[in-house]
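Let's go through some labels that get attached to a model like this and check each one against its cut-off.

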Amino acid sequence: MDPLCQIALLTVSPTAKTVALVLLVAFFIVAIAVVPLEFGFYRSLQDQPFGTAVALEIIISVDIVLMLAGVVLDWYMTPRGMILLLSLMVILLVLTIWFVYWRFRLITALYSRASLRSQEELRRLLNDIAEARKQAGQAPGDGGEDGGATEEPAKKQDDD
């Protein structure tokens, strides 16, 4: 290994270890906070195949932990270690893109299902309103006015 590269790796190490340790702790705090939200999201997708998204999420989390723990534990201080770190970064990038794709598909499925359900509810509500008007003795296009009020049209004619 080139001595300059080795010196550069060793001089960056204390700062990198501190930053990696802080990021590792922050990652665990965020992961603990977000996991209940993720379970809620997956619970709303009861009939959708979300196994791939969950697997990708787990693999991405493991990859992040490996990268940060490797910096803290000096796994990447050799050329082979640097190649390992770069490969973990490439894997993280590819998995993140794939995860975003799957998450988009799941959100689209959830939106489509909610949209169809709301359209059905709106149709049912409009049918109930029309049926209630029929039972009240009104024509569907009356706009809610009853046929017995003749005072208002007379007033309108006086104003003209």
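Q: What do buried, exposed and partly exposed mean here?
A: Buried means under 20% relative accessible area, exposed means over 50%, and partly exposed is whatever falls in between. Keep in mind that this is a predicted model.

Q: Why is Trp 75 called partly exposed?
A: Its relative accessibility is 40%. That falls between the 20% and 50% cut-offs, so Trp 75 counts as partly exposed. You'll find Trp 75 in the loop between helix 2 (51-72) and helix 3 (79-135).

Q: What makes Trp 75 and Tyr 76 an edge-to-face pair?
A: The ring centres are 6.4 Å apart, with 85 degrees between the planes. Pairing asks for centres within 6.5 Å, and planes over 60 degrees apart count as edge-to-face, so the pair gets that name. As for Tyr 76, a relative accessible area of 3% is under 20%, so Tyr 76 is buried.

Q: How do you know that the rings of Tyr 101 and Trp 102 are edge-to-face?
A: Their centres are 6.2 Å apart and their planes sit at 75 degrees. The distance is within 6.5 Å and the angle is over 60, so edge-to-face it is. By this rule the count comes to 3 aromatic pairs.

Q: Which of the labels, buried or partly exposed, goes to Tyr 101, and why?
A: Tyr 101 has a relative accessible area of 45%, which lies between 20% and 50%, so it is partly exposed. Trp 102 has 16% relative accessibility, under the 20% line, so Trp 102 counts as buried.

Q: What makes Arg 105 a charge over the ring of Trp 102?
A: Arg 105 lies over the face of Trp 102, at 4.6 Å from the ring centre.

Q: Why is the contact between Arg 103 and Glu 38 called a salt bridge?
A: The closest N and O atoms are 2.6 Å apart. The rule asks for within 4 Å, so the pair qualifies. This one links distant parts of the chain, with Arg 103 in helix 3 and Glu 38 in helix 1, 65 residues apart. Both residues, Arg 103 and Glu 38, are buried.

Q: How do you know that Glu 57 forms a salt bridge with Arg 103?
A: Here the closest N and O atoms are 3.4 Å apart, again within 4 Å, so the label holds. Glu 57 is in helix 2 and Arg 103 in helix 3, 46 residues apart. Arg 103 has 16%, so it is buried. Glu 38, Glu 57 and Arg 103 are linked in a network of salt bridges.

Q: What makes Arg 124 and Glu 121 a salt bridge, and where do they lie?
A: Their closest N and O atoms are 2.6 Å apart, within the 4 Å limit, so they pass. Both lie in helix 3, 3 residues apart, about one turn of the helix. At 43% relative accessibility, Arg 124 is between the cut-offs and so partly exposed. Glu 121, at 44%, is partly exposed too. The count by this rule comes to 4 salt bridges.

How values were computed:
Residues are numbered from 1 along each chain as its sequence is written. This is a predicted model: local features need pLDDT of at least 70, side-chain atom pairs count only at pLDDT 80 or more; totals for chains, interfaces and linings use all residues. Side-chain values use heavy atoms; hydrogens and water are left out. Rings of Phe, Tyr and Trp (its six-membered ring) pair if their centres lie within 6.5 Å; planes under 30 degrees apart count as stacked, over 60 as edge-to-face and the rest as tilted. Buried means under 20% relative accessible area, exposed over 50%, partly exposed in between (1.4 Å probe, protein chains only). A charge sits over a ring if NZ of Lys or CZ of Arg is within 6 Å of the ring centre and within 35 degrees of the ring normal. Helices (H or I, at least four residues) and strands (E, at least two) are DSSP runs, numbered from the N terminus. A salt bridge is a side-chain nitrogen of Lys or Arg within 4 Å of a carboxyl oxygen of Asp or Glu.
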